[in-house]
Each structure stands twice: as structure tokens, then as C-alpha cells.
Amino acid sequence: MMRSFAAFVVKGRLQAIGVVAVTALLALFLPPLAYISGGTVALITLRMGPRQGLQLVFGAVLALGLLGLLLMQNPLAGVVFALLFWLPIWALANSLRRTMLPGRSVLLAGLFGMLVVAGFGFGSGDPVAWWQQAMQHSMAPVLDGLPQAEQQQMLQLIGEIAPIMAGTSAMLLSLSLILSLFIGRWWQAMLYNPGGFGEEFRQLRLGKNPAMLLLLLLLAAGFSGNAFLAQNLPLVVLLPFLLQGLALLHGLVRQHRANAGWLVGTYLLLFVTGPMALLLAVAGVVDNWFDFRTFFGPKGGADDA
């Protein structure tokens with residue numbers, strides 16, 4: 001089914017523009033469809049080149065703007081979506097197309113997330129107060145319907161999570177960009193290089209110099225004396241290492257032909273406990289110097305899969 005969908009998208013510009021715009025609009029009601037929209041941008045950019053990808057983005061902006069005007073009297077929706085989502089995905093796909101190094105694109109997604117954190121930290125006055133007010137405003141209908149005691153508990157919870165909301169939102173944006181890129185790459189592999197996406201992901205590595213730079217950035221944030229940066233920047237900086245840790249795990253499971261339950265269990269733990277994410281991130285950090293795939297791989301270090 002996905003292969004047929006990808007083949008349909010690459011057949012012509014109008015099909016691609018329609019898919020990108022319509023899925024973006026429907027994502028307002030079903031958010032996962034945003035990945036289909038972004039994945040289409042990535043696929044066209046990877047397959048057709050940056051010029052075609054950029055033309056697709058501009059065409060989708062116009063189409064989504066028209067749909068927004070007709071259905072919601074808001075033609076700016078497409079512009080906002082392009083700036084925050086489609087253009088960064090286009091940049092990630094263009095980087096991957098030129099370098100053939102997915103680690104570079106992951107780092108670029110992390111950079112976009114860091115810029116979001118910096119924007120909140122230096123451009124919004126008091127970012128914690130801004131997030132607290134924004135969450136209270138968005139949850140006002142729910143809060144008004146709660147008893148006084150539960151309302152106070154909810155307000156207290158909002159106050160507790162507001163200090164890290166900038167980093168959390170930036171991390172989720174970076175992750176969404178990466179997932180959209182990977183979906184586009186997966187579709188491209190299904191059409192032109194079956195099995196290629198899995199092999200490419202299992203070899204994902206950031207590299208020693210970028211890893212060292214990210215670690216220095218973490219240290220700088222921790223010792224900066226700026227509580228906002230110290231709390232929020234690590235959430236974005238650790239994401240590329242987490243993805244390398246996952247790629248490492250996938251690689252070792254494939255090398256040893258281990259049971260897929262190792263992967264299923266790991267992903268389940270990622271959703272229910274924070275330490276698993278930190279453990280994978282640490283493994284991703286160390287892997288840049290230690291190369292676990294070779295050390296723990298089959299005898300001779302070759303991947304016979």
C-alpha cells in the first residue's frame with residue numbers, strides 16, 4: 001500500500017502538491033497525517049532534487065492557503081506550516097541527498113530545535129511565564145469544569161512543567177522533522193532500493209567532531225548560570241544521540257539475528273520510562289568513539305545480514 005502511495009506521489013507535481021496540502025490540512029484533526037505531508041516533501045526532494053522540492057513547497061503553500069481561506073477564512077496557515085515544517089524538512093532532505101549521511105541530517109534537525117529554544121530564551125521575555133499562560137489559556141474550558149481542588153492541582157502541574165515546555169516542544173519539532181525525513185527515505189527505498197533504508201538507518205552515526213561539539217554545548221548550557229537554557233537545551237541536544245543509540249540497537253539485533261522482542265521491549269520502555277532514553281543516548285555518545293557495532297558484532301566485524 002505504501003509503495004503504491006509513494007509511486008502515485010512521484011508521478012507528477014500536481015499529485016504531490018495535492019497530497020502535501022490536503023494531508024497538512026487534515027493534520028489539524030488527525031496530527032499523524034503531518035508526517036505524510038512532510039514525508040512527501042522529503043521524497044520529492046530526495047528523488048527529484050532541491051529545486052523540485054522547493055517548487056513543491058511553494059505550490060503546497062498556495063494550495064493550503066487557498067484551502068484555509070475557503071474553509072477557515074485563514075489563508076496564512078500554509079505560510080506558517082511551510083516555515084515551521086516543510087522548509088526544514090526540505091533542508092534535511094537536501095542535506096541527505098548531497099552527503100548520503102543521515103547523521104548530518106539528524107544534526108541539522110537538532111540545530112533547528114536549538115534555534116527554537118534560543119528563540120524562546122532570548123525573544124519572549126519570560127518564556128516560562130509565556131508557556132504557563134499559554135497552557136492555562138488552552139486548557140481554560142477543562143479547568144473551568146473541574147472542582148476547585150482538582151483545578152488547583154492542574155494549575156500546579158502546569159506550573160511544574162512550564163519551565164521545560166520550550167525544550168519539549170523544540171525536541172518534538174526536531175523529532176517530527178526527522179521522522180518525516182525517514183518516511184520519505186523509506187518510500188524512496190521501497191521504490192528504487194528495497195531494503196536500503198533499514199541498512200542506512202542501522203549505520204547512522206553522528207561522528208566524533210559533531211558529538212564533541214554537542215557535548216561541549218551541553219556543558220556550556222549547564223555552567224551558563226541560565227536556568228532556562230540548562231533545563232531546556234539538553235532535551236534537544238540529547239535527541240541525536242538517542243537516535244544513534246536506537247540505530248546501534250537495530251544494528252546489533254540485525255547482526256546477531258536476535259529476536260525482534262529486544263526492539264519491541266526497548267520502544268515500549270521508551271514510552272514509559274525516562275532512564276531508557278538516557279541510557280540509549282549515552283550509548284549513542286560512546287558509540288562515536290567506541291564503535292559498538294564492530295566490537296560486539298559477529299567475529300571478523302562483518303555484518304553478514
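Me: In this predicted model, how are α14 and α15 oriented to each other?
Reply: The axes of helix α14 (residues 261-272) and helix α15 (residues 274-290) cross at roughly 120° and come within 5 Å. Angles of 65 to 115 degrees count as roughly perpendicular and those over 145 as roughly antiparallel. The two helices α14 and α15 are therefore oblique.

Me: Which residues of α15 meet α14, and how many residues of the contact are nonpolar, polar and charged?
Reply: From α14, the residues are Thr-266, Leu-269, Leu-270 and Val-272. They meet Gly-274, Met-276, Ala-277 and Leu-280 in α15. The contact of α14 with α15 divides into 6 nonpolar, 2 polar and no charged residues.

Me: Is Leu-279 buried or exposed?
Reply: Leu-279 is found in helix α15. Its relative accessible area is 54%, and the cut-off for this class is over 50%. Leu-279 is therefore exposed.

Me: Is Asp-287 buried or exposed, and what does Asp-287 touch?
Reply: Asp-287 is also found in helix α15. Its relative accessible area is 1%, and the limit for burial is under 20%, so Asp-287 is buried. Not counting residues up to four places away in sequence, Asp-287 touches Arg-205, Gln-244, Leu-248, Phe-292 and Arg-293.

Me: Where is Asp-291, and what is the value of its phi?
Reply: Asp-291 is found in the loop between α15 and α16 (292-295). With a relative accessible area of 26%, Asp-291 is partly exposed. Most residues other than glycine have a negative phi. Asp-291 has a positive value, near 60°.

Me: How are α5 and α6 oriented to each other?
Reply: Helix α5 (residues 77-99) and helix α6 (residues 102-123) pack with their axes 8 Å apart and at an angle of about 155°. The crossing of α5 and α6 is right-handed. Angles over 145 degrees count as roughly antiparallel. Helices α5 and α6 are therefore roughly antiparallel.

Me: Which residues make the contact of α5 and α6, and how many of the residues are charged?
Reply: On α5 the contact is made by Pro-88, Ala-91, Leu-92, Ser-95, Leu-96 and Thr-99. On α6 it is made by Pro-102, Arg-104, Ser-105, Leu-108, Ala-109 and Phe-112. The residues of this contact divide into 8 nonpolar, 3 polar and, for charged, 1.

Me: Where is Met-100, and what is the value of its phi?
Reply: Met-100 lies in the loop between α5 and α6. Its relative accessibility is 48%, so Met-100 counts as partly exposed. Met-100 is a residue other than glycine with a positive phi, near 60°.

Me: Which residues are in contact with Trp-86?
Reply: Neighbours within four places in sequence are left aside here. The contacts of Trp-86 are then Val-20, Ala-24, Ser-37, Val-41, Val-57, Ala-60, Val-61, Leu-64, Gly-78 and Phe-81.

Me: Is Met-165 buried or exposed, and which residues is Met-165 in contact with?
Reply: Met-165 has its place in helix α10. Its relative accessible area is 19%, and burial requires under 20%, so Met-165 is buried. Leaving aside neighbours within four places in sequence, Met-165 is in contact with Trp-131, Met-135 and Asn-232.

Definitions and conventions:
Residues numbered from 1 in each chain as written. Predicted model: local features only at pLDDT ≥ 70, side-chain atom pairs only at ≥ 80, totals over all residues. Heavy atoms only, no water. Axes fitted to C-alpha atoms, helices over the stretch in contact; angles between N-to-C directions. Helix = DSSP H or I, 4+ residues; strand = E, 2+ residues; numbered from the N terminus. Parallel < 35°, antiparallel > 145°, perpendicular 65-115°, else oblique. Left-handed = near helix turned anticlockwise from the far one by under 90°. Contact = heavy atoms within 4.5 Å. Nonpolar A, V, L, I, M, F, W, Y, C, P; charged D, E, K, R; others polar. Buried < 20%, exposed > 50% of the residue type's maximum accessible area, 1.4 Å probe, protein only.
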